[in-house]
Amino acid sequence: MAHPTLLTACSNPSWAQNFWSRDMQKSAASRDVDTQDDQWRADAEYAPDKESMWDYPKEKDRWALVNNAIRGEVSALKDALTKLVEHGNFQTWEVDSFCVAWSEHLTHMHAHHSSQESVMYPFLATRIRVPERLRSCRDELRRQLNRIAGLVSVLSAGLDEHPRRSGYVRSILDAMHEYEQTILPHLSEEELGPLPLMRAYFKPDEVAPIVQNIVGVGPSCQMGSFIHFAGDEGFFAFMKQEGMPGYAWYLDLRGKRDHFRRHFVQNLEAVTGGTPPRTLSFLSGWCWQAQVKTDEITVPVSQGMLDKQA
């Protein structure tokens, strides 16, 4: 049976849920932290006695769904890079398409780390002692992201010599493997530690405003990725779960999903499928998606400019 594409995968919610939750299932097979252990307690006034107030499992929490979206992006980027290496004599449009998708991921991850450090973890720290190693891991992830970004930037600058371009793609793939080996355990550790601790120390209605604050800000790719990898039906269930108004889908959220599919999903599907994308996508980082029939890579535009045009 043919492997479903990134786009069709999330048109089939059950397939998407099974595929993108594989690492989450591995996490579930491991043991959560003991939320009753006083080593996690930051304030004696607050006891870890609120888990029973949550009427949905942790696998449906925003945190878990966000992490699954990140897993999906990393897997798709690695698959596309593998195809480029296999192609060998790849064309410029393939490089351009990958650059577009990579820039969406980089923008997403910067926003993700920012919201964790400025909103979520300070909130948790009012009652929970969050392991310091999680912050250290985020620093390491930034280092790896910057390394890949540097390699992609050189690649997107328009190297004409095929051996040099192939060498950079292989280097990016190697760096992506290292990045994957760091980020996947990090995401699993979040789901085994801070996530169950949050549900033990905070009531759902205490966390909801924080979730809505995070959902309401950030670049289009961040929420668009969340929606895409959850699948439409899964995201509608999330909206109901979090008390989000239905009109938000039509006014804002559907457009963010479509943005992510145009810029990330369709470009990577073009690379893995070996067919140029039918519609041109614009890069939110280094390079502008060139016309399919030209070998030129043009000057970048910023995410801010694109958001103003949206």
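A residue is termed buried when its relative accessible area is under 20%, exposed when it is over 50% and partly exposed in between, with a 1.4 Å probe and protein chains only. The structure is a predicted model, in which local features need pLDDT of at least 70 and side-chain atom pairs count only at pLDDT 80 or more, while totals for chains, interfaces and linings use all residues. Residues are numbered from 1 along each chain as its sequence is written, and side-chain values use heavy atoms, with hydrogens and water left out.

Of the 310 residues of the chain, 52% count as buried. The chain holds 13 helices and 0 strands, where helices (H or I, at least four residues) and strands (E, at least two) are DSSP runs numbered from the N terminus. Contact denotes heavy atoms within 4.5 Å. Among contacts between residues at least 6 apart in sequence, 78% join residues at least 24 apart.

A nonpolar core is defined as a set of buried Ala, Val, Leu, Ile, Met, Phe, Trp, Tyr and Cys residues joined through side-chain atoms within 4.5 Å. The largest such core comprises 75 residues, of which Phe 98, Trp 102, Leu 124, Tyr 179, Met 198, Phe 235 and Leu 253 touch the most other members. Helix α4 (residues 62-87) gives the most to this core, contributing 13 residues. Residues up to four places away in sequence being excluded, Leu 253 touches Met 223, Ile 227, Phe 235, Met 239, Met 244 and Ala 248. At Leu 253, helix α12 (residues 247-273) bends by about 45 degrees, the bend at a residue being the angle between axes fitted to the seven residues ending there and the seven starting there. Gly 274, with a positive phi near 75 degrees, follows α12.

Two packed helices are described by the angle between their axes and the distance between the axes. Axes are lines fitted to C-alpha atoms, for helices over the stretch in contact, and angles run from 0 to 180 degrees between N-to-C directions. Angles under 35 degrees count as roughly parallel, over 145 as roughly antiparallel, 65 to 115 as roughly perpendicular and the rest as oblique.

Helix α10 (residues 220-230) packs against α4 at about 90 degrees, with the axes 8 Å apart; α4 and α10 are therefore roughly perpendicular to each other. In this contact, Arg 62, Leu 65, Val 66, Ala 69, Gly 72 and Glu 73 of α4 meet Ser 225, Phe 226 and Phe 229 of α10. By class, the contact of α4 with α10 has 5 nonpolar, 2 polar and 2 charged residues, where Ala, Val, Leu, Ile, Met, Phe, Trp, Tyr, Cys and Pro count as nonpolar, Asp, Glu, Lys and Arg as charged, and the others, Gly among them, as polar.

Between α10 and helix α11 (residues 232-242), the angle is about 115 degrees and the axes are 6 Å apart, so this pair is also roughly perpendicular. Met 223, Phe 226, Ile 227 and Ala 230 of α10 meet Asp 232, Gly 234, Phe 235 and Phe 238 of α11. The residues of this contact divide into 6 nonpolar, 1 polar and 1 charged.

Ile 210 lies in helix α9 (residues 204-216) and is buried, because its relative accessible area is 17%. Beyond its neighbours within four places in sequence, Ile 210 is in contact with Val 119, Met 120 and Phe 123. The C-alpha atoms of Ile 210 and Met 120 are separated by 7.2 Å, although these residues are 90 apart along the chain.
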